[in-house]
Structures are given as C-alpha cells and as structure tokens.
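Colleague: Before I use this model, I would like to go through the labels attached to it. Please set each value against its cut-off.

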Amino acid sequence: MKTQAKVKQKKTLQSTYATGGAGEMLDREILELVLEYAAPGCRAKSEAQKMLEGFGSLENIFNSGQQQFCQMSGLGDSAAVLFSLISRVPGRIMAQRNAGVTHIKNAEQAKIYFGNMLYEETIEKIILMCLNEEKRILSCRVVSDGTVNLSEVSMQKAMYAMSNIDTRFAMLAHNHPRGRAQPSAKDIKFTVKAREMFGQMGIKLIDHIIVGESETISLNSIARFKKYFTESCPDADKGAER
C-alpha cells in the first residue's frame, strides 16, 4: 500500500510540473520530486520537509557542497552529485549563449554578455574584457574572486592580460551575488583606480557592468556615473551608495 501511495504521489507531482511548471509547485514539492529520482528508496515527502528545515531554503540545498549535503541530508554521494549537477546546468546554458558573440559595441550587449557569465555565481568575481579598436573581444577572463578590490595579484593578472594583445578598450564587470546591482563607494573607487591604471597603458576603460541578483546595470549608461569614464578624475566617494 505504501508503495502504491508513493507511486501515486510521484505521478501527481510529475503531472503538476508537466502542466504548470515549477512555478506552480511549493519548494517542498519541487524537492520531493527531485528526491524521487536522486534517492528513489527514501521517504521523499518527509525527507524534503526535513531538508528544507535543516538547510533553511531550496537555494541552500542546491548550492551546498557534496560533503555538507551528505552530512545534513543523510543521503549518499549519488544524490549529492545529482543535486550539484542540477544547480550548475542553468549557469552552463547561460554561458553558452555568449559562444557566438565576437563584438561588444554598446552597454546593452555588455549587460547581456556579463549577465550570462555571472548568472547564479555565489561569490563575487571581477571579470576583465579586452577589446580592439573595432570593439572585437580579444579576451575575457576572471581576474579576481571572493571580493571586489584591486589587489596586487588581480592587477598583475589584468595588466598581463592586456599587455600581450593589442588592447585599445577594456570593460570591467563584477557581481553582487545576493544583492542589488547599485554600486557602492568601494565599487566607484575600484572603477576610478582601474581607469587610471589602464590609462597609463594607453587603454581606455569604457564601462563597468554590475550584475545583481535580479538586475544588471552599466555605470557608463547612468548619468551620475558617466563622469567616472571621462578624462578627469572626480571624487570617487560622491554619487555612490554607501
């Protein structure tokens, strides 16, 4: 009887997902359905509720490391691998959308490109894009992660990346993994310092893209921040959120 009830519940969840998608399901139901495939022998409904209470949210479950997942859920490595894989597939898909992009000629294109790269990143990363005179992408790489600051190491990486190719323009991007895309005073200081250092190499910084949790902005497209991409060097503390 228990087996029949379990099969019926699984079919119900499958039908709900098939007709309305995940948007029509509770977090517990989404987790329960995944558990039916990740750990077929478990009591999926009660296990899903227990995991949500233990981890705190659906996001925390899918973003947990394999060791933490196994310790807190009591499930095996196979389930942990499947959960980890599911969480990373959307990021891979988004990144592949950049595969055919060869030029970045305006802020909207830059926002889409960097948004794809930083989609669902859980730590802050700084990305440097080098472009030639025609705004063709010459390189695009992560120069720092964990925090947004121009450390000696990250600047050495940036300078090295630009010195080996015919870079004329540069763009920076970084993310606020769990926050708004609005720039802080630290972000503006970072932008000004980078512009000055790139300028010493004859390279013009043309934009700084910030990818937030639900929006992406271009500093050079916002009137009060345009001055940070001009020849003068205004006070970096003014105009930013604190």
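Colleague: Which residues of α9 are buried?

Modeller: In α9 the buried residues are A185, D187, I188, F190, T191, V192, A194, R195 and F198. Buried means under 20% relative accessible area, exposed means over 50%, and partly exposed lies in between, with a 1.4 Å probe and protein chains only. The model is predicted, so local features need pLDDT of at least 70 and side-chain atom pairs count only at pLDDT 80 or more, while totals for chains, interfaces and linings use all residues. Residues are numbered from 1 along each chain as its sequence is written, and side-chain values use heavy atoms, with hydrogens and water left out.

Colleague: How do you know that the span of helix α9 agrees with its number of residues?

Modeller: The expected span is 1.5 Å times one less than the number of residues. Helix α9 (residues 185-199) has 15 residues and should therefore span 21 Å; its end C-alpha atoms are 21 Å apart, which agrees.

Colleague: How does the radius of gyration of the protein compare with that of a compact globule?

Modeller: The globule rule is 2.2 Å times the number of residues to the power 0.38, and the radius is taken over C-alpha atoms. For 242 residues a compact globule would be near 18 Å, but the protein has 22 Å. Along its principal axes the C-alpha trace spans about 75 × 35 × 30 Å. Buried residues make up 41% of the 242.

Colleague: Why is the pair K6 and E36 called a salt bridge?

Modeller: The rule asks for a side-chain nitrogen of Lys or Arg within 4 Å of a carboxyl oxygen of Asp or Glu. K6 and E36 meet at 3.5 Å, N to O, so the pair qualifies. K6 lies in helix α1 (residues 2-20) and E36 in helix α2 (residues 27-38), so the pair ties together parts that are 30 residues apart in sequence. K6 is partly exposed at 26%, whereas E36 is buried at 7%. By this rule the count comes to seven salt bridges.

Colleague: What makes E133, D166 and R168 a network?

Modeller: They are linked by salt bridges. R168 meets E133 at 3.9 Å, N to O, and D166 at 2.7 Å between the closest N and O atoms. R168 counts as partly exposed at 36% relative accessibility, and D166 counts as partly exposed at 48%.

Colleague: Why are L85, V89 and I93 called a nonpolar patch?

Modeller: Patches take residues with over 30% relative accessible area and no salt bridge; like charges are joined within 9 Å, nonpolar side chains (Val, Leu, Ile, Met, Phe, Trp, Tyr) within 5 Å. L85, in helix α6 (residues 77-96), has 51% and is exposed. L85, V89 and I93 together have about 250 Å² of accessible area, by the Shrake-Rupley method with a 1.4 Å probe, where only the protein chains shown count as cover for residues.

Note on methods:
Helices (H or I, at least four residues) and strands (E, at least two) are DSSP runs, numbered from the N terminus.
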